[in-house]
Amino acid sequence: MGIGALLEDGIGDTIRVSLTEDAVAEVPVAFKLVEKYNRLCRTPGQDRGLPPSVTSRSEVRLPDPFAYRRRETLACDLVYHRLGNGHLPRVELSLRSRLAALDEAVSEVARLLGQNGDSALRVAGGSNGRPAFTCETVHVRVESDADVHAFVGLKRRLQARGLHVPLAVEVSRTGLASEAIWRAADRVVYPCSASVQAAELSQIAGSAKRFGKPVEWKLVLPESAAGDPFERVERDLQKILAACTTHDWWQTLFSIESAPAALVRPYRYLAGRLDALAANLPVLLRYRGGEQEFEAFLLDASAQLGALLCDGIGDALYLAGPYPAEDLLRLAYNLLQATRTRISKTDYISCPSCGRTLFDLKSTTERIKSKTAHLKGVKIAIMGCIVNGPGEMADADFGYVGAGPGKVNLFVGKECVERNIPEDQADQKLIELIKKHGMWVEPS
Ligand code: SF4
């Protein structure tokens, strides 16, 4: 994620990827990671900066590139949780079942919430029988009158089964003529195309206020090089903010749907303009995969969404693509963990290994993970030697550091508290140390 985020900003001429894997397994990943940026190098000008017409008239408040600060926003209420205003970034996926197939749709939601007895979501990090990664908002597309009725039925069925999750309904203006949709939706997602009119936006904002429902304004940007994304964001933003002001309705958030390869700059522009206009509204980061294999999707989503999250932009993540829901959820939570915006499992820091490494880094890391992966929020560093290891442990709570052949030193923070422990006793000593510092819980 970190390397990809830097490459997104044009920084980096050579990369050294460290995955705690055999070096030979790292090479294909490294090639896949640089592929997009090498392509951009060969065809300069594809991803343009702000056009002069926008730069000259618009102030954009950009994040400090040298310090992390989450964007400050108003909160948006979503029945079971809130977005923005310092709340944890939330994770959202789409319902894939047809609304007409109601039983199937209910089962799918149960599965996304980890409440159908399926063990697929009970991955490392879950505790007390609860899955670690669950979908926190389900995005539903309503495309016809029949869908409107089916959606209302779905909402009732979910409530009857105790499946409590906000439903974000993407619906056209025609669909929003139905009061039933407004009553049943927890959030309305309104796609703003190039032809969106001010009167239409005002009508949506007015209805949202009347029914007390949050609106997500989804700016749909052109996929092709035709049309300038910044001009479009600017134009839509002005019209939407005018509609919200007219109706004094600020339970609202923004998102962008764009070609997946070019999300970072439009999102930065959107957030920078919202802040400059003192319209501190939450932003949902959308990434929709296309035809690519999951690994390519994972790398590009990590680079782009990671860059934005490191900028402090993003109050929720929406991932979509033709991949298993479990993979999308795992990726979303891993991204939030890697950017430290939401900690949901143990954090491991390990060195890339080199000629000084005093134990097998891969198998040692796997062994320690198998014993500690349920310790949500605990940071453990596994470093190959004492020469550079302690200096590279960052802000780890505990350190497991090679001290000599078959010998390990253990650290609490930067302080070495146990020296030259035989390697076969070091795991148990590490666990005792975690217990002593009150950070241990028994695995469920
Ligand atoms: S911590 Fe030690 S073993 Fe690990 S990469 Fe650095 S020098 Fe090599």
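Colleague: How many salt bridges are counted between domain 1 and domain 2?

Modeller: The model is predicted, and the domain assignment of the protein chain places domain 1 at 2-42, domain 2 at 59-338 and domain 3 at 347-436. The centres of domain 1 and domain 2, taken over C-alpha atoms, are separated by 29 Å. Between domain 1 and domain 2, the count of salt bridges is 4.

Colleague: What area is buried between domain 1 and domain 2?

Modeller: Domain 1 brings 9 residues to the contact and domain 2 brings 12. Carbon and sulfur atoms give 54% of the area buried between the two domains, and that area is about 830 Å².

Colleague: Which residues of domain 1 lose the most area to domain 2?

Modeller: The side of domain 1 that touches domain 2 divides into 4 nonpolar, 1 polar and 4 charged residues. Three residues together account for 53% of what that side buries, and they are Glu-8, Lys-32 and Lys-36.

Colleague: Which element gives the largest share of the side of domain 1 that touches domain 2?

Modeller: Two elements give two or more residues to that side, namely helix 1 (2-8) and helix 2 (23-42). The largest share is 5 residues, and it comes from helix 2.

Colleague: With which residue does Lys-36 form a salt bridge?

Modeller: A salt bridge requires a Lys or Arg side-chain nitrogen within 4 Å of a carboxyl oxygen of Asp or Glu. For Lys-36 the closest N and O atoms are 2.9 Å apart, and the partner is Asp-300.

Colleague: How many residues apart are Lys-32 and Glu-295?

Modeller: Lys-32 and Glu-295 form a salt bridge, with 2.8 Å between the closest N and O atoms. Lys-32 lies in helix 2 and Glu-295 in helix 10 (residues 294-310), so the pair links distant parts of the chain. Their separation is 263 residues.

Colleague: How many charged residues are in the shell around the ligand?

Modeller: The residues that surround the ligand include Cys-351, Cys-354, Cys-385, Arg-356 and Glu-392. Among the others are Pro-352, Ser-353, Thr-357 and Asn-388. By class, the shell has 4 nonpolar and 5 polar residues, and the number of charged residues is 2.

Conventions. Residues are numbered from 1 along each chain as its sequence is written. This is a predicted model: local features need pLDDT of at least 70, side-chain atom pairs count only at pLDDT 80 or more; totals for chains, interfaces and linings use all residues. Side-chain values use heavy atoms; hydrogens and water are left out. Domain bounds come from an automatic or database domain assignment. Contact means heavy atoms within 4.5 Å. Buried area is the accessible area (1.4 Å probe) that two parts lose on being put together, summed over both. Helices (H or I, at least four residues) and strands (E, at least two) are DSSP runs, numbered from the N terminus. Ala, Val, Leu, Ile, Met, Phe, Trp, Tyr, Cys and Pro count as nonpolar, Asp, Glu, Lys and Arg as charged, and the others, Gly among them, as polar. A residue is near a molecule or strand if one of its heavy atoms lies within 4 Å of it.
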